[in-house]
Amino acid sequence: MIHNSKKSSSFSTKRQNIAQRYPTLTKLFKKLISEIKACLNLPTSDEALKKTYKARQYHAVVQQLPLSSIGNMITSLTLMLTFWGDVSPTIFVSWFVVLWTIALVNIGLWLKLRSVDKNKPLKNLAAECLIFDLSAAAVLHVSMAAYLFGITNEEGRLLLTAVVAAFVSTGSWMFSFLPVAGLAWVFIFCVGTIVALPNTYVGNYAYLVMLVSFFGLILSTTVLVCSRMFLSNLDAETKLENQRQVMGFLLNDFEENASDWLWETNRAGRLQHTSIRLAQIMNTTQAALDGQELSTIISSRVDTNEGLIA
C-alpha cells in the first residue's frame, strides 16, 4: 500500500511539473479532453435527462439499422459471388451466414422498437449490446476483406478497397449518434487494415499506415462532431419544450383567472385558439368558435342583441 501511494504521489508530481513547464499545451490538452467528453455525453447533472439523451442516441442508431443491414447483406452476397472460387466454400458460407444473421437480427430489432417511446430509459446493457453487434459486423467485414486482398488480383483488390472505404465512411456517419459505436466502427476498420497490410501488400508500408491513420483520425473527428451536434439539438429541443410547458401553464392560468377576452387567429383570419372567457361572452363553447371568423361572430352577436332590444 505504501509503495502504491509513493507511485501515485510521484505521478502527480510529474504531472504538476509538466503543467508548470508547458502551461499553454496543458490548457489546450484539457480543453481537448473537455470537448471530447462533451461530444460523448452532454454535460448535465440531471441523471434522468442523461438517460433520456442516451435513449434518443440509441434509437437514432436503431433507425439506421435497416439501411446498414441491407447494405451488409448485398455486399456480402456480392463478395461471395465474385470471389467464390478463391476461398474455401466452408469459410465463405460460414462468414456469409453469420453476417446475414447479424443483419436480420438488427432488422428485427428495428421492427420491435419502431413504436417504442424514444425517451424511455434503456434496459440494462442495451446500448452495449448494440455496440458489440455493430463491432462484430465490422470485424467480419475487415477480416474477410484482408483475407481476400492477399489472394486476389489487382481488379479484386480495387473492388475490396472501394468496399472497405465505403463501409468505414458510411458506417462512421450512420452510427455517430451513438459515438462509441461510431468510433469502434472506425477503429476496427482502420486497425484491421493496418494489421493486414504487411501480409497482403508489398510496398511503402509506412506511407500507407500514415494514410490510414490520418483517414481514421478524420473519420473519428467527424463522429465526435456529429454526436455533439445531435446532443446539442436534443438539449435545445428539451429547453424549448420546457419553455413551451411554462408558457402553456402561464397562459392557462391567465385564461382561467382573467376577465379579458383572449383569442388567436391564423393567416386566414379564423380563430384557432380562444379563451374560456370569450366563449362565455359569446354564449358558446371554445370548440364551436374554432375555425370561425371573428368578424362574423361579432356581427352575429350584434345582430342578436339588436333583435333582442327591438
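1. Among contacts in the chain (heavy atoms within 4.5 Å) between residues at least 6 apart in sequence, 63% join residues at least 24 apart. The model is predicted, so that local features need pLDDT of at least 70 and side-chain atom pairs count only at pLDDT 80 or more, while totals for chains, interfaces and linings use all residues. Residues are numbered from 1 along each chain as its sequence is written, and side-chain values use heavy atoms, with hydrogens and water left out.

2. The chain has twelve helices and two strands, taken as DSSP runs numbered from the N terminus (H or I with at least four residues for helices, E with at least two for strands). Read from the N terminus, the order of the elements is α-α-α-α-α-α-α-α-α-β-β-α-α-α.

3. Of the 310 residues in the chain, 32% are buried, where buried stands for under 20% relative accessible area, exposed for over 50%, and partly exposed for what lies in between (1.4 Å probe, protein chains only). The chain exposes about 19,800 Å², and carbon and sulfur atoms supply 63% of that area, which comes from the Shrake-Rupley method with a 1.4 Å probe.

4. Valine 97 is placed in helix 5 (residues 89-113), and it counts as partly exposed because its relative accessibility is 44%.

5. Serine 68, in helix 4 (residues 65-82), counts as buried because its relative accessibility is 11%. Leaving aside neighbours within four places in sequence, serine 68 is in contact with Met174 and Phe175. Between serine 68 and isoleucine 107, 39 residues apart in sequence, the C-alpha to C-alpha distance is 9.3 Å.

6. How many cavities of 30 Å³ or more does the count give? The count comes to one, a cavity being a set of points, on a 1 Å grid over the protein atoms alone, where a 1.4 Å probe fits but cannot get out. The largest cavity has a volume of about 60 Å³, a volume being the space filled by probe spheres set on the points, which are joined across faces, edges and corners. Its lining residues (an atom within 4 Å of a point) are Leu79, His141, Met144, Ala145, Val163, Val164, Phe167 and Phe189, and helix 6 (126-149) and helix 7 (154-174) each supply at least two residues of that lining.

Note on methods:
1 Å grid on protein atoms, 1.4 Å probe; cavity = no way out; pocket = protein on both sides within 12 Å on 5 of 7 lines; lining within 4 Å.
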